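Dear colleague,

I am passing the structure below on to you, and my notes on what was found in it follow. Please read them with the model open beside you.

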Amino acid sequence: MARLLILGLLIATHPATAQDAVPRKPLDVEWQRSVFHAEETPGETEAKNLAQKHVREQTKFLFGAAPVFQGNAVCIRTFADVQVRNIRSLPEQKTKPGDLRWIVNYFDGPLAVLLDDPKTKSIVASIAATHFARIALENQLLGSISSDKDHSYIVDDAGIAASLLAQVGPFGQPLPKPARVKELVEENALLGFIVDGRVVWSLGGESIRSEKNIESKKATDFTGTHFLGTPLIRDKHLWVLNERAGGGQCRLVQINPNKIVDGKPEVVSTTGLDEFDPRRRFGFDLRRRMFNAQPIAAGDLILCPTAACVLAAWNAKQQQWAWKYKYLSEGEEKPVPQPFPGAVPLPHFHWKPSAPFVHGEHVIFASTEEEHLHCVKLKDGTSAWKVKQQPNDWYPAGAVGKHVLVIHETGCRFVKAEDGSDVKNLELGAVSGRGVLVAGDFYLPLAEISGKGPGIAVVDVANLRVRSYLETKDVPRNLAWHDGQLFSQGLTEIAAFKK
């Protein structure tokens with residue numbers, strides 16, 4: 001009896017691992033395309049080489065870009081442009097699945113563009129050599145798109161925070177600060193374009209627009225500001241967070257994208273949210289520059305994540321702030337020491353950038369600047385529970401029934417939705433990207449499945465188990481699901497798997 005009791009305790013406390021009994025089946029690729037063009041610019045080639053070098057040397061990273069869909073097309077952001085590719089064949093146009101439908105290269109901020117520009121190449125190459133993961137590879141803002149059936153929206157941002165420009169070299173010498181780079185750090189722009197790839201309007205960024213761009217450079221209320229993320233599309237209007245570069249005042253902006261005057265959309269309303277500590281300004285804090293602070297709809301509420309220690313809820317029906325949840329007190333944050341005297345300390349990164357999600361009557365989130373997983377009541381913005389991040393935790397991925405799923409470097413774990421307490425851990429292999437939750441199953445990309453090659457674990461969240469493994473030829477990266485089909489976007493390619 002005692003032996004049985006000890007064996008039971010060992011089983012209960014030992015983390016679960018991938019079992020050979022779990023069904024395995026191959027997942028074949030229907031089509032795969034490089035996101036780089038046959039005739040690359042020097043900047044594209046350098047960006048690709050940086051990406052490939054980083055993948056060879058660093059296995060523990062989470063790529064920032066992920067696909068979105070417009071009907072029969074998949075829309076992605078790359079280091080150089082926005083691409084829309086066919087999902088199916090279009091016989092009338094003599095095109096195949098994966099073929100380019102159109103490209104938007106209207107931007108000033110992408111890495112390849114900065115590396116092609118003589119005014120920015122030197123300093124950007126220097127920063128990228130050390131901080132490539134932060135300014136490009138893992139930058140969620142630079143990889144994000146909001147889309148409906150007719151329009152897509154992106155933030156054109158350089159991804160370089162002012163704190164990086166404030167660094168010094170190994171001998172205490174200041175890094176150069178070209179005027180062009182300084183302009184791109186202090187401002188960004190929100191762009192709207194339609195299904196044929198034409199940019200129809202822009203907001204902000206008037207002082208950074210290059211000569212190739214044609215819209216008016218007349219100053220507006222959004223000149224010298226930053227858009228914090230792609231917009232929420234709700235009732236044919238856009239809701240987006242914006243912050244003044246100097247004072248740090250954050251505001252929620254409502255836009256009517258269907259009414260355009262002189263290349264600018266109608267701004268319906270602008271409502272102040274909060275003023276942040278100067279150290280946490282979007283233009284200065286590298287963590288915020290990596291996070292896509294897209295508002296989220298929850299009934300009448302519009303939830304506004306900031307990555308500046310505040311999650312706020314706007315009541316769209318009552319036209320007022322319902323609540324503001326502040327989750328980090330002054331003095332709790334400690335910067336990472338810098339290797340050279342005189343350098344501005346860069347902040348510590350806790351969680352990987354990820355979006356909050358609604359589960360029942362609560363919103364669950366974790367942020368780059370703080371170490372807890374939070375569960376907040378939607379009705380009043382008070383904390384239901386919070387638990388500390390565990391070593392190697394990456395991001396909370398969703399919730400099904402009684403369980404919240406948290407992804408870590410080598411698998412996933414489950415906590416109770418009612419109080420955040422630990423339930424079970426699954427060691428599956430090296431996680432290689434962001435997964436996707438589909439009908440209660442979470443598709444988790446893995447660089448290897450228990451040492452037996454790359455693939456995707458299909459995790460049954462409600463029952464705390466792996467339902468099956470899908471074995472792939474190449475390492476899958478960030479996954480998306482559309483019309484019963486899985487897609488994977490990596491650093492250099494986009495792929496669609498067979499249904």
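A nonpolar core is here a set of buried Ala, Val, Leu, Ile, Met, Phe, Trp, Tyr and Cys residues joined through side-chain atoms within 4.5 Å, where buried means under 20% relative accessible area, exposed over 50% and partly exposed in between, with a 1.4 Å probe and protein chains only. This is a predicted model, in which local features need pLDDT of at least 70 and side-chain atom pairs count only at pLDDT 80 or more, while totals for chains, interfaces and linings use all residues. Residues are numbered from 1 along each chain as its sequence is written, and side-chain values use heavy atoms, with hydrogens and water left out.

The largest nonpolar core has 44 residues, of which Phe 79, Leu 111, Phe 132, Ile 135 and Ile 160 touch the most other members. Apart from neighbours within four places in sequence, Leu 111 is in contact (heavy atoms within 4.5 Å) with Ala 47, Phe 79, Val 124, Phe 132, Ile 135 and Ala 136. A second, separate core of 32 residues includes Tyr 153, Leu 203, Val 240 and Phe 291.

Four strands form an open antiparallel sheet in the order E4-E5-E6-E7, pairing being counted where DSSP finds at least two bridges. Strands E4 (68-70) and E7 (100-104) each have a single partner strand, so one side of each lacks a neighbour in the sheet.

With regards

Conventions. Helix = DSSP H or I, 4+ residues; strand = E, 2+ residues; numbered from the N terminus.
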